[in-house]
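Trainee: I would like to go through this structure and the terms used to describe it. Please set each value against its definition.

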Amino acid sequence: MSVDGKSSITLMKTLQTSTEVYSICPYDVNRFIVGTVGDRRHARMIGLNGQESDIHSLTFPDKTYDAGDCHCTYLPSDGVVAVTDNWENTVQLYQIGPGTSRTVEDDRIQHIAGICGAQGRVFVASRDTRTVVEMTVQGEIVKCHDVGMKWPITISVTQDGGHVVLANNIDTTIKLFKMEYA
C-alpha cells in the first residue's frame with residue numbers, strides 16, 4: 001500500500017451528530033451509513049449537509065451498544081446493511097427497501113472485531129477464532145479463512161473484492177490477503 005507524496009486531506013466541513021458514531025461507510029455520493037454507540041438505532045444515515053435520518057425500512061433489536069460492541073457496513077450493489085452484535089456473536093443482514101433481515105450465527109464467529117463487504121460478500125473478523133468468516137449477503141457461510149493473526153482489530157476489503165486487509169493491535173501487524181473465488 002502506498003500514498004502519493006503529493007496527496008493531501010483538506011477539511012471541508014465539521015458535522016455535529018446527535019449520537020456517537022463508531023463506524024462509517026458510503027451510501028451514495030451525498031450520504032453515509034454510520035454505526036452508532038448508545039443509540040437504539042444501530043445504523044443511521046448522515047448526509048454531507050449534516051441531515052440525519054433513520055433507515056426507514058429497517059427495524060433493529062431494542063438494545064444499545066458500547067463502542068466496539070457493534071460494527072456496521074453497507075454493500076451498495078446489494079442494498080444490504082450488515083450489523084454485528086458482539087454480545088450475541090451474530091451478524092444481522094438487513095435488506096434496504098423491503099426491510100427484511102436475517103441473522104447469521106456460527107461457532108466460528110466469536111468476539112467480532114470488524115466487518116466489511118464487497119461484491120456480494122461480507123467479511124467478518126473474528127478475534128477469538130483468529131479467522132475471517134466470509135459469507136454471502138444472503139447469510140450463507142462460504143468459507144472460514146485462518147488468518148494466523150492474534151487479536152485482529154479491524155478489516156477492510158477493496159471495492160472489487162480482490163483483497164482483504166486485516167490489522168491487529170498486539171504486534172502492529174497489517175496483513176493483505178488476495179481473494180480468489182471458486
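Trainee: Which strand gives the most to the lining of the second largest pocket?

Mentor: β1 gives the most, with 3 residues. Strands are DSSP runs of E of at least two residues, numbered from the N terminus. This is a predicted model, in which local features need pLDDT of at least 70, side-chain atom pairs count only at pLDDT 80 or more, and totals for chains, interfaces and linings use all residues. Residues are numbered from 1 along each chain, and side-chain values use heavy atoms, with hydrogens and water left out.

Trainee: What makes a residue part of a pocket lining?

Mentor: A lining residue has an atom within 4 Å of a pocket point; a pocket is an open set of points on a 1 Å grid where a 1.4 Å probe fits, with protein on both sides within 12 Å along at least five of seven lines. The second largest pocket has 13 such residues, and K13, T14, L15, F32 and L48 are the closest to its centre. The largest pocket is lined by 30 residues, and β9 supplies 6 of them, the largest share.

Trainee: Why is N168 called buried?

Mentor: Buried means under 20% relative accessible area, exposed over 50%, and partly exposed in between, using a 1.4 Å probe and protein chains only. N168 has 9%, so N168 is buried.

Trainee: What does the side chain of N168 reach?

Mentor: The side chain of N168 reaches the backbone oxygen of K150 at 3.0 Å. N168 itself sits in strand β14.

Trainee: Why is the pair of Y27 and Y74 called tilted?

Mentor: Rings of Phe, Tyr and Trp (its six-membered ring) pair if their centres lie within 6.5 Å; planes under 30 degrees apart count as stacked, over 60 as edge-to-face and the rest as tilted. Y27 and Y74 are 5.0 Å apart centre to centre with 40 degrees between the planes, so the pair is tilted. Y27 lies in the loop between β1 and β2 and Y74 in strand β5, so the pair ties together parts 47 residues apart in sequence.

Trainee: How do you know whether Y27 and Y74 are buried or partly exposed?

Mentor: Y27 has 21% relative accessibility and so counts as partly exposed, whereas Y74, at 9%, counts as buried.

Trainee: What makes Y65 and W87 a tilted pair?

Mentor: Their centres are 5.1 Å apart and their planes 45 degrees apart, so the pair is tilted. Y65 is buried at 3%, while W87 is partly exposed at 46%.

Methods
Helices (H or I, at least four residues) and strands (E, at least two) are DSSP runs, numbered from the N terminus. A polar contact is a pair of N or O atoms within 3.5 Å; within protein, one must be able to donate a hydrogen and the other to accept it, and residues adjacent in sequence count only if both atoms are side-chain atoms.
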